[in-house]
Amino acid sequence: MPDAKFFNRSQSFTLSEIAKLSGAVLADGVDGDQVMENVAPLDIATQQDLSFLDNVKYKEQFSKTEAGACFVQSEMVDIAPDGVALLISPTPYKSYALAAQAFYPNNTAEAFRSKNAHIDDSAQVPKTCVIHAGVVIEANVEIGEYVTIESGAIIKQGVQIGAHSRVGPNAVISHAIIGEHVNIYPGACIGQDGFGFAIDPAGYIKVPQLGRVRIGSHVEIGANTTIDRGAGPDTVIGQGTWIDNLVQIGHNVKIGKGCVIVSQVGISGSTVIEDYVVIGGQVGIAGHLKIGSGARLAAQSGIMKNIDPGQEMMGSPAVPIKDHMRQIIALKRLIKKK
Amino acid sequence: MPDAKFFNRSQSFTLSEIAKLSGAVLADGVDGDQVMENVAPLDIATQQDLSFLDNVKYKEQFSKTEAGACFVQSEMVDIAPDGVALLISPTPYKSYALAAQAFYPNNTAEAFRSKNAHIDDSAQVPKTCVIHAGVVIEANVEIGEYVTIESGAIIKQGVQIGAHSRVGPNAVISHAIIGEHVNIYPGACIGQDGFGFAIDPAGYIKVPQLGRVRIGSHVEIGANTTIDRGAGPDTVIGQGTWIDNLVQIGHNVKIGKGCVIVSQVGISGSTVIEDYVVIGGQVGIAGHLKIGSGARLAAQSGIMKNIDPGQEMMGSPAVPIKDHMRQIIALKRLIKKK
Amino acid sequence: MPDAKFFNRSQSFTLSEIAKLSGAVLADGVDGDQVMENVAPLDIATQQDLSFLDNVKYKEQFSKTEAGACFVQSEMVDIAPDGVALLISPTPYKSYALAAQAFYPNNTAEAFRSKNAHIDDSAQVPKTCVIHAGVVIEANVEIGEYVTIESGAIIKQGVQIGAHSRVGPNAVISHAIIGEHVNIYPGACIGQDGFGFAIDPAGYIKVPQLGRVRIGSHVEIGANTTIDRGAGPDTVIGQGTWIDNLVQIGHNVKIGKGCVIVSQVGISGSTVIEDYVVIGGQVGIAGHLKIGSGARLAAQSGIMKNIDPGQEMMGSPAVPIKDHMRQIIALKRLIKKK
């Protein structure tokens, strides 16, 4: 069960309460009054713990689990071990997420302002905020209610951060307008100059980067990720988009709503990513392209041209995923022939 | 136009003044006394704004722009919309860069030293410098005139930084000798130990990393980029080289003058990159290699052997770019045959 | 020789002393009383310097070196230039490492606690520790003897760090249990939330990340590397594993003992890496996989399925290294045919 040094459990719940808050239903014969004390993974859960099976790779763990209760899809009921109370859900991972949020709510800490934070007099920082030691908030910054700024984070002049957002330790934010419920992880750098210069025999000439970064609400930005501000237009991240660690987003990039961008992706300047695009780890996307809504780019792909909506691409340079699979097979045959 | 919360415009300029400072010439019939208030991208520029067309991909935006004036190459004059005063330049992007620098000069802020900076008594920090809150400057550091060190940056003992350089928020610098007009972006880590160990059955044995990092003048080093110090020789970055975000440069690497290294490139230990090499995003270069002057390595290439000067390479492992293109076509044919 | 501004030499040594501490033997005729003042690379070493030849690529440098003494394998004795005292070792790099450690011991600085560090009253920080300016140590942190925490590092509540470990400047650590003699480089982020969410039409639902990061002893973690904490299970790094800069390690990943993970590698969630696995730069590994003990993954490989122990893989998607080499040759032939 979660280490109490790091995580504060709210309370225990009955299976009926859990079913209700998670959108699951109790399997036949399950006692709704049975109490769950905690959540835990299948392999270490005990009779007091609630667990879940979502990925068939963990079917065997499920068949041996000692969990007291478990979210599963109805297809898995038959392989359940004895003694596990089943909560049936078409989306066990979602149900687990809701239950885990109930056991471990994301409470904002009580309002607090470290005397070791350096806040400019002209900055607006509501009393409901949590401001840790070593934070620097420069002139004319505007911070919303219930925002948490963790130790060592630097908020440069004029930045706006919406209510309920959180800035992780040692993150750096400049030239940015940030929505509500945004979560910025440690070490992320947002709003620095883009990589903009004009070629000249006497040495590259820096092009002043005069745009901003605009980030919609409910966005997540991973640890040590870098987002350059626009060169003239803004760099834009749409509402509800999740960005993982160590991602690079170049100047003027526009990302739509609900995209998922996995770790170490690089998106070059001025490229447009429409809504609900999913980009696998280490993908590279050239500049000035358009990636259509709902496209899916497999890990390590290299994208050198526009991608139509809904396309699934793979390889470097990327081709439709089926063609890529056939290329792989063709290559294997080629070396077997000899 | 640029957000006045973040950017301070210096003044307005007449088209004659702009032509003069940017190396452009006014097209026939343009009124040199017409005043430009600001710079802006083609799609949002108004009658008071100066814009530019550099990439043909934006020809359509150009044909509809409401900008008051625009830098263009002479070939584009014919498709210019009515009402736009044209400034003809063989290098519109360079001309724009110079004009934008005039509107938004990179003024060093007035000299300032936060009382919340921690500066060792033995460090030399001229009165012309700007030192923000939370900065740590350790013993025997030597900083030149007009240097800016932003909040949370850590300058470890003995480091030298030349005049007019800038160290971004939360950057970390140790064991380094840095030239003038160098721009280090937030979160960059320079001078830490390289990845040096000797294999031994009892556990890897750390090899003391006894070199430094030497950085020439007019170098740019991107956000969250990491540059390890030498193991014995120094790691060297030549004058005027531009390095983007999240780049890894291993110990003993020597990079020449005027190179361009795009985001997420990794250069392994002891490799030599000669002058004016251009390295696309996510390229990986093995250790102990030599990349000849003026070589160009396409994005995502994997470089496993020496590259001759001027070569253009692509693929992983990289081959000359024409061969790579033919391989791609051959692969496409291969799967069509069946 | 190493710059005395940055490195403190302990003393000089005779060749006999050096041979003894490094496991080398003096070649015939070498005077064991000859004194070495320092260590230096082959190309800049002088008569007072000790050097080494390990990689045959540097044979020519060796043949011209002016070093006073040099570690070499016995096969290289014949090409040694006159005047260099040879120390014969089957593992010259290891011998050099031991000698360099003697010249430049990794002394912990004298115990010191900056008055500008912010340490919660409930944190345990022994008097033997070195705590620099700007450090934040939160509630209930437990730090072992002789630990060094460099400027700007943030240690969040409840974290445990074993004796003799070192945390670099501006590193951020939360939700972690860290062993002894662990070396965390600047800017590394350890213990933040993993990339965990459930898909839902109304917006992604965050899954509380309730595990920790557990790091064994003698582990190295590179600059700006990110290690997410577990989602329920812990993320685990085994004893003696070396991780380079800008590496991403996802939630629930288990890494065994003595692994080597080169820069910019990405390891997706829940993957298991067994002992002594070597992973080249920029490799990407998908989630929920098992990489067998002693496997070797070439740089830029893309790993999409389980890898057997001892396998050597290359390519994206990765195949056994011999097959990959044959694929490369086959592709080259294919474009020559026409």
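Domain bounds here come from an automatic or database domain assignment. For chain A that assignment gives domain 1 (13-103) and domain 2 (171-338). The C-alpha centres of domain 1 of chain A and domain 2 of chain A lie 37 Å apart.

This is a predicted model: local features need pLDDT of at least 70, side-chain atom pairs count only at pLDDT 80 or more, and totals for chains, interfaces and linings use all residues. Residues are numbered from 1 along each chain as its sequence is written, while chains are lettered from A and ligands numbered from 1 in the order in which they are written. pLDDT is the predictor's confidence in each residue, from 0 to 100. Chain A averages 96, and 99% of the residues score at least 70. The model scores ipTM 0.96 and pTM 0.97.

Next, the strands. Helices (H or I, at least four residues) and strands (E, at least two) are DSSP runs, numbered from the N terminus. Two strands pair if DSSP finds at least two bridges between them. In chain A, 10 strands form an open sheet with parallel pairing. Their order is β9-β11-β14-β17-β20-β25-β28-β31-β34-β37. β9 (118-119) and β37 (302-303) of chain A stand at the edges with a single partner strand each, so one side of each is left without a neighbour in the sheet. The partner strand β34 (residues 284-285) of chain A runs parallel to β37(A) and is joined to it by 2 bridges. A:I285 has A:I303 as its bridge partner in β37(A).

Strand β4 (residues 38-39) of chain C runs parallel to β5(C), with 2 bridges between them. Here C:N38 stands opposite C:D49. Strand β6 (residues 69-72) of chain C is also parallel to β5(C), through 3 bridges. C:F52 has C:F71 in β6(C) as its bridge partner.

Now the interior. A nonpolar core is a set of buried Ala, Val, Leu, Ile, Met, Phe, Trp, Tyr and Cys residues joined through C-beta atoms within 7 Å. The largest has 207 residues. Those with the most contacts inside it are A:I155, A:I261, B:I155, B:I261, C:I155, C:I190 and C:I261. Apart from this core lies another, of 34 residues, among them A:A40, A:F71, A:Y93 and C:V207. Contact means C-beta atoms, placed from the backbone, within 7 Å. Leaving aside residues up to four places away in sequence, C:I190 touches C:I173, C:A176, C:I184, C:V213, C:I221 and C:I227.

Last come the interfaces. The contact between chains A and B takes 44 residues from chain A and 49 residues from chain B. On the chain A side, β21 (197-198), β22 (205-206) and α4 (321-337) each supply at least two residues. The largest share, 4 residues, comes from α4(A). This side divides into 17 nonpolar, 22 polar and 5 charged residues. Ala, Val, Leu, Ile, Met, Phe, Trp, Tyr, Cys and Pro count as nonpolar, Asp, Glu, Lys and Arg as charged, and the others, Gly among them, as polar.

Between chains B and C, 44 residues of chain B are in contact with 49 residues of chain C. α4(B) gives the most to the side of chain B that touches chain C, with 4 residues. By class, that side of chain B has 17 nonpolar, 22 polar and 5 charged residues.

How values were computed. A residue is buried if 20 or more other C-beta atoms lie within 10 Å of its own, exposed if 12 or fewer, and partly exposed in between; C-beta atoms are placed from the backbone. Two residues are in contact if their C-beta atoms, placed from the backbone, lie within 7 Å.
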